[in-house]
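My notes follow in the order I worked.

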Amino acid sequence: MSTGTRPALTRIVRNVPRVAVAAVAALALTACGGGADKPESKSSGKADAKSAAFPVTVEHKYGSTSIETEPKKVVTLGLSDQDAVLALGVKPVGSVDWFKEKPYGKWPWAKKLWGSTKPQIVGERDEYNMEKIAALKPDLIVAQYSGMKKEQYETLSKIAKVVAQPKGHEDYQAPWQVMTKQIGKALGKDAETEKLIAGIDTRFKAVRDKHPEWKGKTVTVGEPYEPGKFSAFSPKDPKVIFLSEMGFTTSEAYRKALGKENIADLSSERLDVMEADRTVWLGTPETEKAMKADPLYKKTKVHKEKRDLFLPYDSPDIGAALSFNTVLSIPYAVDQVVPMLEAIK
């Protein structure tokens with residue numbers, strides 16, 4: 001990804017514009033009525049088994065949503081929700097744009113599942129195009145890894161069933177397992193979901209078993225975004241969670257510095273926050289070069305002892321894989337990141 005066009009992750013998950021919803025209310029109501037005109041599926045043993053999973057009720061941040069029949073047309077509004085939906089055998093008809101160079105999340109780990117099918121882009125990050133969503137006449141809208149606002153939820157609920165962010169978690173901080181289970185339940189695929197999660201857990205266990213020395217080692221994750229400035233990611237951020245599941249942990253000082261924030265924007269004067277047994281930076285060759293040239297960074301202990309690790313967003317797409325941290329991207333990330341961590345002594 002080029003630095004000129006890639007939206008910085010530090011801005012993606014926090015500084016998101018609110019969308020005006022009143023103007024689309026009439027269209028939404030019309031679409032809701034149109035959404036009832038669904039094609040009837042032919043009866044079969046397999047179809048009967050799927051329908052037996054319904055109705056289901058999924059609790060979320062804004063209440064609960066009851067889904068009476070198997071969803072046929074799904075729109076994903078979470079930044080990485082499409083991965084779990086794809087992994088469960090459903091191709092979303094609509095999705096949001098996170099990384100513009102890879103519209104709708106067509107990453108190496110998901111390309112094969114998308115095939116030649118391209119969903120409609122119905123928004124950018126947490127700004128949704130209500131007209132486009134309504135025109136697709138979905139019967140399910142999923143928004144797990146998102147910052148969906150209450151007013152957006154209410155308008156979208158006039159279009160279709162909506163499963164918003166997981167209850168009891170800050171936006172963008174729910175564990176990937178929780179979000180995957182929410183999506184699986186909404187699709188009536190609990191058994192398939194548990195199997196997917198178990199497979200990922202097995203991958204992480206294999207890494208922990210191979211590297212018991214990583215257990216309890218501290219880690220910090222950040223992203224330089226301009227000279228003298230960087231962002232630190234919450235211990236509950238997907239990128240940090242990914243490393244935690246391989247045995248690493250975060251220090252009390254790091255947790256205190258982040259508080260409830262998903263991201264903390266800091267200057268080089270606060271590089272002490274990033275001191276750890278392993279410091280992981282995500283970015284581009286340009287941001288890596290700038291960080292390594294920073295006089296204050298040169299003085300950090302983690303850099304002097306060569307315990308820092310710079311991961312690219314592309315070529316290979318490691319940064320994106322960690323940012324997604326889904327049942328599809330995790331195996332890809334494990335294959336890429338573990339050898340790099342092993343190289344640090």
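Which strands does helix H12 lie across, and at about what angle does H12 run to E13? I note at the outset that this is a predicted model.

**Entry 1: helix H12**

I looked up H12 at residues 285-293. This helix lies across E9, E12, E13 and strand E10, which covers 229-233. I read its angle to E13 as about 160 degrees.

**Entry 2: the sheet with E9 to E13**

Next I looked up the sheet. I found an open sheet of five strands with mixed pairing. Its order reads E11-E10-E9-E12-E13. I listed E11 (263-267) and E13 (308-312) as the edge strands, and each pairs on one side only. From one strand to the next, I get a twist that averages 30 degrees.

E9 (residues 219-226) runs parallel to E12 (residues 278-283), and four bridges pair them. On E9's side I marked Thr-220, which stands opposite Thr-279 in E12.

**Entry 3: E1 and E2**

I moved to the pair E1 (residues 56-60) and E2 (residues 63-67). They pair in the antiparallel sense, over five bridges. A hairpin of two residues joins E1 to E2. I looked up Glu-59 and found its bridge partner, Ser-64, in E2.

With E4 (residues 94-97), strand E5 (residues 120-124) pairs in the parallel sense over three bridges. Here Gly-94 stands opposite Gln-120 in E5.

With E6 (residues 127-128), E5 pairs in the antiparallel sense over two bridges. I found Glu-127 in E6 as the bridge partner of Glu-124. The hairpin of E5 and E6 has two residues between the strands.

**Entry 4: cavities**

How many cavities of 30 Å³ or more does a search of the whole structure find? I got three. The largest cavity holds about 150 Å³ of space.

I looked up its lining and found 21 residues. Nearest the centre lie Ser-80, Trp-176, Met-179, Asn-325 and Thr-326. The elements that give two or more residues to this lining are H4 (81-87), H8 (176-186), H10 (238-244) and H15 (318-324). H8 supplies the largest share, four residues. I sorted the lining of the largest cavity into twelve nonpolar, six polar and three charged residues.

Key: Residues are numbered from 1 along each chain as its sequence is written. This is a predicted model: local features need pLDDT of at least 70, side-chain atom pairs count only at pLDDT 80 or more; totals for chains, interfaces and linings use all residues. Side-chain values use heavy atoms; hydrogens and water are left out. Two strands pair if DSSP finds at least two bridges between them. Axes are lines fitted to C-alpha atoms, for helices over the stretch in contact, and angles run from 0 to 180 degrees between N-to-C directions. Contact means heavy atoms within 4.5 Å. On a 1 Å grid over the protein atoms alone, a cavity is a set of points where a 1.4 Å probe fits but cannot get out, and a pocket is an open set with protein on both sides within 12 Å along at least five of seven lines; lining residues have an atom within 4 Å of a point. Grid points are joined across faces, edges and corners, and a volume is the space filled by probe spheres set on the points. Ala, Val, Leu, Ile, Met, Phe, Trp, Tyr, Cys and Pro count as nonpolar, Asp, Glu, Lys and Arg as charged, and the others, Gly among them, as polar.
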